Amino acid sequence: YPTYSRLLVICTLSGGGLVAYSESQSEVGTPAVEPDQKEWKKKRVVVLGTGWAGTSFLKDLDVSSYDVQVVSPRNYFAFTPLLPSVTCGTVEARSIAEPVRNIIKKRNGEIEFLEAECVKIDAANQKVFFKSNIDNNLVGPRDFSLEYDYLVIAVGAQVNTFNTPGVLENCHFLKELEDAQKIRRTVIDCFEKAVLPGLSEEERKTNLHFVIVGGGPTGVEFAAELHDFIQEDLINLYPLVRDLVRITLVQSGDHILNTFDERISTFAETKFQRDGIEVLTGCRVVNVSDKEITMKIKSTGEVCSVPHGLVLWSTGLGTRPVIKDFMEQIGQNNRRVLATNEWLRVKGCENVYALGDCATIDQRKIMEDVATIFEAADKDKSGTLTVEEFQDVIDDILIRYPQLELYLKRMRLSNVADLLKDPQGNDRTEVDIEGFKLALCNVDTQMKSLPATAQVAAQQGAYLSRCFNRRQQSQEHPEGPRRFRGHGRHRFLPFQYKHFGQFAPLGGEQAAAELPGDWVSMGHSTQWLWYSVYASKQVSWRSRALVVSDWTRRFIFGRDSSRI
Ligand code: FAD
């Protein structure tokens, strides 16, 4: 790889005279000749990725303190929560894509964007290597490298096939805008093929069998969107095959939407049953061919195959190759994602930060703290706490670590009172600390990562930019204002996730929502709440206007079924 910085030096030797930045040079005050009107006088920050985490970091970063370069293989930000709507044309792809250059224009052009994919991170030499994916016929090198003082890794995750044979070759995925557009075309293909002359009824049925693997929010939302598209638009356009369409949702767990409140899972299952969407729970897909999908029923061990027209694979997240390679370099190879500390710094690396779906905060420290809080509360060392003491400790823990509430909820232990009952359901007067610690160990295994959501990624981006903005201030005033604590980097309060709830659109103008404070809301009014929240969350007025006009167009004219 020719290094970018070396190229810059050559340019300047012929024309410039500006000052180059590198940590050692600036410290000893030695100016180096540099390039292209570019002054590396400030610390260089390289940001990888323009998704939720990357753009949220850029939005608030004080660019007067840093020279920022952002590199990503796509030159736009995609509003992923609306991707399922793109698969059926409810919303157009361009409506939810915001050009990165629009975002950086708002920062007075002080951020440099380069469209390329990171292929290697060399943390030892503070250097990152890239490859451009832009059309090969254009002149100029495809590979380059950048040096950094701080590296922010926000490259997200890729799909996880769990090495299931045939998945990569024969399934659709829903991670990128291109995936959603491809699904939209394939759905139309399935219908057009099914109405061609000469097909048997079985063949028509096969073409119109849509299988979704994974009963999480993405799989459920796609099933609902597809059902609406078919019922509201396609069966009127393809009346010949209206009774042959089938949608099947395959879930390996016992319930769909199992990260949501139980009431929402049940509501979604009942609604899907009413709508004729077949939900197969307790089934694991073991093979996918171009014609058939093979499943194993967990309870009986029975294996069955069903023909399909389209399979959407939506079962979880995997690690990008560049992150895998980096994790091997820094000795984190037995993990799924990069481990960071609570300040989002990659463990074992100086000046490298990771956020969003490619990273997780190592929670062991939190669990140790929790255990210490409990031990401190047990003043008489009896091993038990009264119910009041116990509640105080829980309140204290939740104030310090609000993210624990979410995990307690996820374990269906949202009501701490559950822990205060004995097996017969009678109220306890005292709580056994060891018993509670045991329950916490279970939480610990659930807490390996924060949920991989846009909410987490965006909050982490905003948090990290605040830390970067205050870095200089905290260095100049080590005694620090009160909001900074401790020493060094640890002067900053650790990242704390605030959960604002989650939505699950279920089709037929109905949605379910889990809101803060243990509120659950379901039905038509929740769908209107969903519309307002997602309209307000768009990253620009331009996309907001486009999305709202797409919804209005759909209400008035229906969805477009042309295969473009
Ligand atoms: P991404 O947003 O995926 O961004 C990664 C960025 O890195 C991209 O710009 C990509 O081009 C870039 N990149 C990739 N490889 C490289 C490389 N080698 N070098 C440089 N750059 C690279 N979350 C919610 O909170 N609510 C929802 O309703 C919701 N719905 C979803 C629906 C769908 C269909 C999907 C797929 C996800 C949904 N999510 C939702 C999850 C949410 O989208 C992710 O958690 C979020 O995108 C993670 O943000 P990120 O910045 O880590 O990664």
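## Getting started

Two residues are in contact if their C-beta atoms, placed from the backbone, lie within 7 Å. This is a predicted model, in which local features need pLDDT of at least 70 and side-chain atom pairs count only at pLDDT 80 or more, while totals for chains, interfaces and linings use all residues. Residues are numbered from 1 along each chain as its sequence is written.

## The chain as a whole

Let's look at the overall picture. The chain has 18 helices and 28 strands; helices (H or I, at least four residues) and strands (E, at least two) are DSSP runs, numbered from the N terminus. Among its 564 residues, 36% are buried, where buried means that 20 or more other C-beta atoms lie within 10 Å of a residue's own, exposed means 12 or fewer, and partly exposed is in between. Of the contacts with a separation of 6 or more, 63% link residues 24 or more positions apart.

## The nonpolar cores

A nonpolar core is a set of buried Ala, Val, Leu, Ile, Met, Phe, Trp, Tyr and Cys residues joined through C-beta atoms within 7 Å. The largest one has 120 residues, and V152 and I153 have the most contacts inside it. Helix α9 (residues 217-237) gives the most to this core, with 8 residues.

Beyond its neighbours within four places in sequence, I153 is in contact with L48, L338, V352, Y353, A354 and C358. A second, separate core has 7 residues, including F374 and F390.

## Helix α18 and its two sides

Helix α18 covers residues 541-557, which makes 17 residues. From first C-alpha to last, α18 reaches 24 Å, close to the 24 Å expected at 1.5 Å a residue; the expected span is 1.5 Å times one less than the number of residues.

Which residues of α18 are buried? They are S543, V547, D550 and R554. These cover an arc of only 55° around the axis, so they sit on the same side of α18; the arc is that of the directions from the helix axis to the C-beta atoms. What covers them includes β6 (97-99) and α17 (524-536). On the other side, W541, T552, F555, I556 and F557 are exposed. After α18 comes G558, with a positive phi near 80°.

Strands pair if DSSP finds at least two bridges between them. Strand β26 (residues 502-507) runs antiparallel to β27 (residues 510-515), joined by 5 bridges, and F503 stands opposite A513 in β27. Their hairpin has 2 residues between the strands, and G508 takes a positive phi near 60°.

Strand β27 is also joined to β28 (residues 519-523) by 5 bridges, again antiparallel, with V520 of β28 as the bridge partner of E514.
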